[in-house]
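Good morning, colleagues. Please look at the structure on the screen while I take you through a few of its features.

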Amino acid sequence: MIRAGLVLAGLLLFGAVDAGEPGLVAEDPDHRQMLEVAKQLRCAVCQNQSVAESNSGLAEDMRAVITEKLAEGESEQAVLDYFVARYGGYILMKPESQGKNWLLWWSPLVVLLLVLGLGYRFLRGQRVVPPAPPGLSDAERAAVARARAGLEE
Amino acid sequence: MLRWVGVAIGGLLLLLVALGLGLQKDPKLIPSPLINQPLPELTGFDLDENRVKIGGLGLPRIINVWASWCVACRTEHPFLMEAVGGLSGQVELIGLNYKDKPEAARQWLDQLGDPYLWSLQDPNGRAGLELGVYGVPETFFVDRAGVIRHKQVGPLTANSLEQGLQMITKMEAAE
Amino acid sequence: MLMVPTVHWIEFGHFCAVLALLVAWAQGMAPILARLFRRPAWAGLSITGAYLCAILVSLGAASLVHAFVSDNFSVAYVAQNSNSMLPLLYKVSALWGGHEGSLYLWALVLCLYTALLAWRGRTAFPGHRPLVLAVQGWLVFGFLGLILFLSNPFERLLPVPLDGRDLNPLLQDPGMAIHPPMLYLGYVGFSVPFAFALAALISRWPSVEWIGHVRRWALIAWMFLTTGIVLGGWWAYYELGWGGYWAWDPVENASFMPWLTGTALVHSLAVQENRRLLHGWNLFLIITTFALSLLGTFLVRSGVLSSVHAFAVDPGRGGYILAFMAVVLCVSFGLLFLRGGHQSADERILALLSRESLFLGNNVLFVVACLTVFIGTLYPLFLDLTMEEKITVAAPYFNAVVIPLLLLAVTLMAVGPSVPWRKARPDRLLRKFRWPAVAAVIAGLLILALAWPAPLVAPIAVMLVVFGAWLIVSDLWADAGRRAQGKGEFRAVALVRVVLGKRRHYGGMLTHMGVLVAVIGLTAAGLFKQSVSVSLVAGQSFVVGSEELRFDGVRLLKKDNYEAVRGEFVVAGGGVILRPEQRRYPVQTAPTTEAAIDSTLLRDLYLVLSPGEDESWNVRAYVNPLVQWIWIGVALMVAGVLLGLSDRGTRRKTRAAAA
């Protein structure tokens, strides 16, 4: 709903742009694409910040290189690969899912199954039916039969 | 139930050992994938505006990334001045003047002495990116064939210099 | 000689802290010695010790605050974290602005908790008071040892610097002034259940007698931890200027892990209290939660993981905390291993469809989420150790793996309270869930249609919220209706009385409601955030989301302790003016950004300013929808816990049980 509202309002405003409002600056689409790539790269000097977010000098340089390479027509993946070749897998915000990181990506599922298994074992252990009262001996059975016969008479 | 506690204790002890080992690691150190890769060819101008090129065949090289704004480089510099004499003839010491103003760099070298054969200007840090530089000073050890054999992040010391040179000879011998 | 009194104060504080170390040792030893020498009366020493320690450590803290306020730069810690021009509030909060001081805050909070526990124990658990306090005493001893030997905030400097290096500008912020105390009240608060658990294991204390106390203390700790974590996010949101509030940074994860197990704990403690189940599991969770608090402290302070928030790297401290953790873990899990058998459940789970088994599901999810965060946080270290390689595990990973688990947990949260203890009847549940489910599906489809193409998380989250909220509200309404009819009250009056009469239940429901509100905010802000970054000169306008902003240029600003460039942006049509700043603090020269935020219930308009080329300025603008709902939701959660804690009935019941 919000999104729709925003889109609608945005359209109205962009309509205003087309009408030629003076001095309205729009974002450069190339810039946006650059940020998309930069978001996937880690700023190596600033710890846990992407190149898109960081103000460090290194991030600025990297953004410039991304812009340049994209302008030369390189694909986003090629740009990412360029940095991986120089900084290693460390530079990617999202670790590659193949190769040695299989443990990282599969372990949540393994852990979930493991803990679920433990929980199931526990629940099953809980459902052990308490031992039934010992059965009647033959003598008792005969007594019951006699009593029943007596009642029916 | 008790068995699981036992497993948990075992796992935890393992974890503690791993964390203890982790204490000796520097989390900020990024291993370079360029080790044992050929040094990319970087061309440009040195501080005297001569055309120069890093990369390709030649003498074994030490490429030291430095800048006049870099505080740690100032502590490293006297060591370079002292060590360069012992290297001459066998190993070239080349500078990569990273994201610096040429005037500032020249002034620094005039003041403190110039240990480098020459220093490549890298005003916009592009050459640095090619080498995967993220913190100055960094030092690359390159063999005769132009292959990077070792990288030192942080100021060069007698130990790390020795280590780097050994890596050059060791890896060359191995191939 | 004006300096003389100042010097005395700080040395006095130092002396108090050293004395507190000795007292804490005595506090820990008292019951042991009492047993060894067969003098039961000696055990009482640990009570005196608890009070004395709190006083001594508080005096130490007071002397540090005094050093900060009086600009005593002969104290190294003050010189590093303060400056004569720093505003008074931040001079006080600078106490926990660096490693040494924040560790001291840890110890202080621990001592205050211990004293409070000693006080509450007079009537609530007099027989076991010395033992519980002794466990706390050992913890205090361990921490004071770390402080005094490896990170002493009382250390002096010679020669005395003329002025201090100033508090990190990012920490000069009211949010940062209260975030660490709240966080530590949470972290350290889990030491109380831990002390109970160890005391119970050592003395074979039957759990009926302490479970009520532990549940209350665990809730208090959980409440503070929640508040602390969220305050940290709130601070990051408006201080760090990247438009977000949670980055899955290792240090954030360090606080999130005990929160996850703590959340599991407060639920499974309720199972134990109501159904006499899961005794061993709860002990395990209590110990684990506290251990994770310690792990968090270790991760932040050892420098094993690099992080924005991490303090200076020091392997010595890391080694100490690690050794401390090893002792704590070995002792507590060892005790659980040897004595856990005495603390076993008296009852069984009777049916798969029952509240207790749903609680079990909740525990599974939270524990798995915690393990996942744990693996993700430590995996880079693991890879570094085994393969000498480094990778980054950040938001993309955690969002992908943790969010589904948490959504499942929210599902259980929505359903759980409607399911009765022991055994539920499926037909009744289905009847009860019919209408809320229909409403949820409609709401989900509506979102899907309106926000298309939206990630599936959006409709799922909305469905869960509608479903959960419907059940909570309709239950309350029906409850009030029954009371209104029975007693002839107005429904509004009955509503209030019902809530106040069943505070524990409705406190829990309020907390759940808060979670639902926060889920809405988190979903909207996470999925529908919009941003642009543009380069402007004065007089130009730009559009972000549905808003147009005009840049009216910048002004220079000079304050006592910093200079700033302040931009002015006028939001079209509302007259709202946003003033983002770029600040420069003279002592620590790195420029900081001060985001400008215009908040409404629907969205935050968020601006960050940075210098561009020539005359132009770079602006990054975000429209973050419904962010305020997150903070409101958390406020509701805290209110819910407080309401639940105010329940006199439980308090009386636990007292009766103890007696």
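Predicted model: local features only at pLDDT ≥ 70, side-chain atom pairs only at ≥ 80, totals over all residues.

Residues are numbered from 1 along each chain as its sequence is written, chains are lettered from A and ligands numbered from 1 in the order in which they are written, and side-chain values use heavy atoms, with hydrogens and water left out.

Let us begin with chain C. Here four strands make an open sheet, ordered β1-β10-β9-β8, with antiparallel pairing. Strands are DSSP runs of E with at least two residues, helices are runs of H or I with at least four, and both are numbered from the N terminus. Two strands pair if DSSP finds at least two bridges between them. At the edges of the chain C sheet stand β1 (530-536) and β8 (596-599); each has a single partner strand, so one side of each is left without a neighbour in the sheet. From one strand to the next, the twist averages 15 degrees. Strands β9 (residues 603-611) and β10 (residues 617-625) of chain C run antiparallel and are joined by nine bridges. Within β10(C), C:N618 is the residue opposite C:S610. Helix α9 (residues 207-239) of chain C packs on this sheet and touches β8, β9 and β10 of chain C, its direction making about 50 degrees with that of β9(C). Contact here means heavy atoms within 4.5 Å. Axes are lines fitted to C-alpha atoms, for helices over the stretch in contact, and angles run from 0 to 180 degrees between N-to-C directions.

We turn to chain B. Its open sheet has five strands in the order β5-β4-β3-β6-β7, and the pairing is mixed. The edge strands, β5 (119-122) and β7 (148-153) of chain B, each pair on one side only. Strand β6 (residues 138-142) of chain B runs antiparallel to β7(B), with five bridges between them. B:F141 has B:H150 of β7(B) opposite.

What does C:F382 count as in terms of accessibility? At 38% relative accessibility, C:F382 is partly exposed, a class that lies between buried, under 20% relative accessible area, and exposed, over 50% (1.4 Å probe, protein chains only). C:F382 belongs to helix α13 (residues 355-387) of chain C.

Thank you for your attention.
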